[in-house]
Amino acid sequence: MSTSTSVPDLATLYGKGKKESPGLYVHIPFCRTKCPYCNFYSITDTSTVQNYIDALKGEMALYVDSTLTYDTIYVGGGTPSILTAEQLFEIFDTIMAVFSIAEGSEITIEANPGDIDGDFASFLVHSPVNRINVGVQSFSDDILAYLGRRHSAKKAISALDRLIDEGCANIGLDLIYGIPGQGIDLWKNTLAQALLFSPAHLSCYELTVEPETPLGMHLAQGDTPLPEEDEMYDFFMTTTDILKCAGYVHYEVSNFASTERFVSRHNRKYWSHTPYLGLGSAAHSFFGNMRWWNHRSVKRYIADAMNGRPPIESNETLDSDALIFEALFLGLRTAEGVDLYELNARFQVDLLKKNRSKINALYKNGFIEIERGRIRPTDRGLAIADYISTFL
Amino acid sequence: MEGFFDIIKRYMENIRNFSIIAHIDHGKSTLADRMIQLTGLADIRTFKDQILDTMDIERERGITIKSQAITLPYRAQDGKSYLLNLIDTPGHVDFSYEVSRSLASCEGVLLLIDAAQGIQAQTLANLYMAMEHDLEVLPVINKIDLPSADIDMVMEQIETELGLDPFACLTCSAKAGTGVEAILEAIVEKIPPPKGDVSKPLSALIFDAFYDAFRGTIVSCRIFDGEISAGQTIRLMSNHTTYRVEEVGRFSLGRDKKERLTAGDVGYVIAGIKTVSDVRVGDTVTNDRNPCVKPLPGFKEAKPVVFASIYPIASDDYEELAVALEKYTLNDASFVYQKDSSVALGQGFRCGFLGLLHLDIVQERLEREYDLSIILSVPSVRYRFTLKSGETTFIDNPAHFPEPAQIAQTEEPYIRASMMFPERYLGAVMKLCIDRRGENSTITYPSPGRAELTFEMPLAGVIFDFYDSLKSITQGYGSFDYAMIGYRESDLVLLDILVNGEKVDALSQIVYRGIARGRALQACERLKEEIPRQMFKIAIQGAIGGEIISRTTISPFRKDVTAKCYGGDITRKRKLLEKQKKGKKRMKMVGAVSIPQSAFVAVLKSDQD
């Protein structure tokens, strides 16, 4: 079905876009259990893990390019932590062999609290990984049960303690709010508990329910409904107030860093049109003005990549309208905002002039700050980042 | 040897000019199809159903908008060949003038009645019209194949309500094709041949005109006296314009060119006429050098009764809209328009329609055929204002509402509405009419179980959803027809709608004072439902003069659902946002508030269901 049977020419594409170090993403589409709210593709049958790793290696070989040096690696999923230390080492060794990875790169792995035992901790210490993102989601067992998570609050706490004991300095926690039955008070409690660990990074996501997920279908039957928009707004503002009070930088809609140093360098690339290469099933890539993505199906991915074929499902080449729109909506999610002078320089389109009255309206109503051509969302602006991007 | 005039006289004996009149959906088009098939004009395999309804919209809605004609060659049981000229007629109350001109071109009609539904208001209205034209009426009961068909009931109605001989009526199922041959025979036998004198000067009645991209305007005529052929110079008697005839012929499945059309014929004339607006239905065509003395009777200029302004949603599309309207009028001479503008909606056009159906059709065709996104202002009737200065003026545009201090008297157009429905709905229908300020009602019971109700009502009361409400409360059985009966005094005010303090002029309405508050409340509610929440609070108000008479508020929107961008999948997010952005573009900005087209439409809906 794929019309793109050729490997994208990274060097050429790179030349068309921002000359910043690209990032590398590796997808591990395996989970022990499937969480009912998750819309991401993963499978629980781990018999093909080794094949998958071989396929990954096959795919990596397609993208060898001595002119490119990556400065972030992000191993996400699924649940990367269900792989054995051996398997994880195999992946990292190959990455290091195939790609040029800069000194001082940020190397992240995602983990489920239930997997953080002695072996995993040991792997962490001996691997190039220098940042770990733990899918805590909540410290309430009731909520964890509702979310279908396979770990308990107690396990999460002990996992975090262990990581700290092992000397992990760069720990990130994922948390979810806006869950039916959660309530603001419980959420405040969750944040307080999270802060006890002084995590370097916190991601606080509003529960997003896709209709085709088990949770989506369950909610469609009219059970406890999702919180109303007003309550979601409360959750959001409470989060930013509490975390900012605790000294965190609210640098993106859902992301907080204890200091500027601990901002997720890799994720920042997504929001700033910096190139990134995605390896593995369903992985997305972006270089220059082209986006491409791999097969979602693990089977198809393995079939292609194992046989030296690029496992690409489809691609799109972005025209300047699309790039401008992306720069806008991606930038408006971040505290840095969008530099409209820079956009003008890049694309010869003066959005400041075109949207003067709208930008004024946004400013007057306290949704953005504006300074020398850069529009920066306030917290209220971040709360409706998507809306603003379609308003302009 | 036979002379030309004798030949034509004999030829005329074998012509039958007829129409099929029926209530909407009683099967007129299907019957026409079967006749076309039976007379061999169309091969059943290649036949496109309901060939006379050539417009998509007509086909979709199951109604005929334009008149068209077709000549069916029929070899009767007596062995002779006849030409049966079927003139199709519009089936809706908005187009009754066109119906009358088509009937004036005939000698007889088939009165088609649905065997399950029986006689409806439109049936009666059209029957009276046929009788006024002295036409031979052949009742035909259709859809006899339906399980709910009640032929006896219909025959009784034919006798008591129509005063016709029930045993003379025919039965058929156009869908199944049964009984159609008998109908053709009855047409030959019972409908008289046309009378007319080919030796007299040309006198032809225009009953339709349409635009063909290659040939210009095609004029459909019934020739009464004289003859017409290519090369002649004809004169349209209503405005004395002259044209040179290029071609004449009959209507077959396409056009069938002939050397001449003579007295009694129905056919087409092509004469270098640029647009259909140059032709008036009901006008008389005559020979310029040898004109007839008097025009044929019954000519009227089509008068619009409902007015609304049309605006493009994107102001950039104004030119496109202008072009589309020009093209549209090529085939709709009764649609009138002129430039107009609104503070809220920008440049547009003020348009006149024959009725609400006409308005619906124009809107739909503009959107569909010309791919336009348009907004209509609230439709209005034409009111009569008498100022203190003594001056009388007609106003349909709220923007032209005079200073209240200058007004001496206000009047609105009234109609006599006649409705027919099963008796059990009488109470509900009366209430509906009274709610719409109906008065002077009369009730008759044309047959057991059926009521016929007439009411005098302001036209403004029925342009808002009346027909749909009637259908709904009578569970589909109710039918409705109306005639204008002049102006009556009425206390009228100008109702304005404001959004965040800014008047949305397109939503302004001229209303009867007694219903102004209700209308304002309802407009505010509808707008609240239709306008999406936005970054700012939105205040919606209804006002008369400076006085606010209703208000509602839409609270601002504060939190998106900004989901995780899983693994850098920006494409999905972008497509979603692009879609939302596109949706917003289709909205009109009033100040800083985005108003979707549906909001304007919703304000029309009545809460009096």
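This is a short tour of two chains, with stops to select in your viewer. The model is predicted.

**Stop 1: chain A**

Look for 17 helices and 15 strands. Chain A has 392 residues, and 58% of them count as buried. Now think about contacts between residues at least 6 apart in sequence. In chain A, 69% of these join residues at least 24 apart. The accessible area comes to about 15600 Å², and carbon and sulfur atoms hold 49% of it.

**Stop 2: two helices in chain A**

Stay in chain A. Select residues 320-331, which form helix H12, and residues 340-347, which form helix H13. A pair of packed helices is described by the angle and the distance between their axes. Here the axes come within 11 Å and cross at roughly 165°. Angles over 145 degrees count as roughly antiparallel, so H12(A) and H13(A) are roughly antiparallel to each other. The crossing of H12(A) past H13(A) is right-handed.

Which residues make the contact? Show side chains on both helices. From H12(A), pick A:Ser320, A:Leu323, A:Ile324, A:Ala327 and A:Leu328. From H13(A), pick A:Leu340, A:Leu343 and A:Phe347. Colour this set by class. Seven residues are nonpolar, one is polar and none is charged.

**Stop 3: chain B**

Hide chain A and select chain B. The cartoon has 15 helices and 34 strands. Of the 609 residues in chain B, 57% are buried. Take the contacts in chain B with a separation of 6 or more: residues 24 or more positions apart account for 70% of them. Chain B exposes about 25900 Å², with 50% supplied by carbon and sulfur atoms.

**Stop 4**

Most residues other than glycine have a negative phi. The next two selections go the other way.

Select B:Asp371. Find helix H9 (356-369) and strand S20 (374-376) of chain B; B:Asp371 lies in the loop between them. This residue is not a glycine, yet its phi is positive, at about 55°. Is B:Asp371 buried or exposed? B:Asp371 is exposed, with a relative accessible area of 66%.

Next, select B:Asn440. B:Asn440 sits in strand S25 of chain B, residues 439-447. B:Asn440 is not a glycine either, and it has a positive phi of about 50°. Exposed means over 50% relative accessible area, so B:Asn440, at 53%, counts as exposed.

Key
Residues numbered from 1 in each chain as written. Chains lettered and ligands numbered in written order. Predicted model: local features only at pLDDT ≥ 70, side-chain atom pairs only at ≥ 80, totals over all residues. Heavy atoms only, no water. Axes fitted to C-alpha atoms, helices over the stretch in contact; angles between N-to-C directions. Helix = DSSP H or I, 4+ residues; strand = E, 2+ residues; numbered from the N terminus. Parallel < 35°, antiparallel > 145°, perpendicular 65-115°, else oblique. Left-handed = near helix turned anticlockwise from the far one by under 90°. Contact = heavy atoms within 4.5 Å. Nonpolar A, V, L, I, M, F, W, Y, C, P; charged D, E, K, R; others polar. Buried < 20%, exposed > 50% of the residue type's maximum accessible area, 1.4 Å probe, protein only. Areas by Shrake-Rupley, 256 points an atom, 1.4 Å probe, with all protein chains shown as cover.
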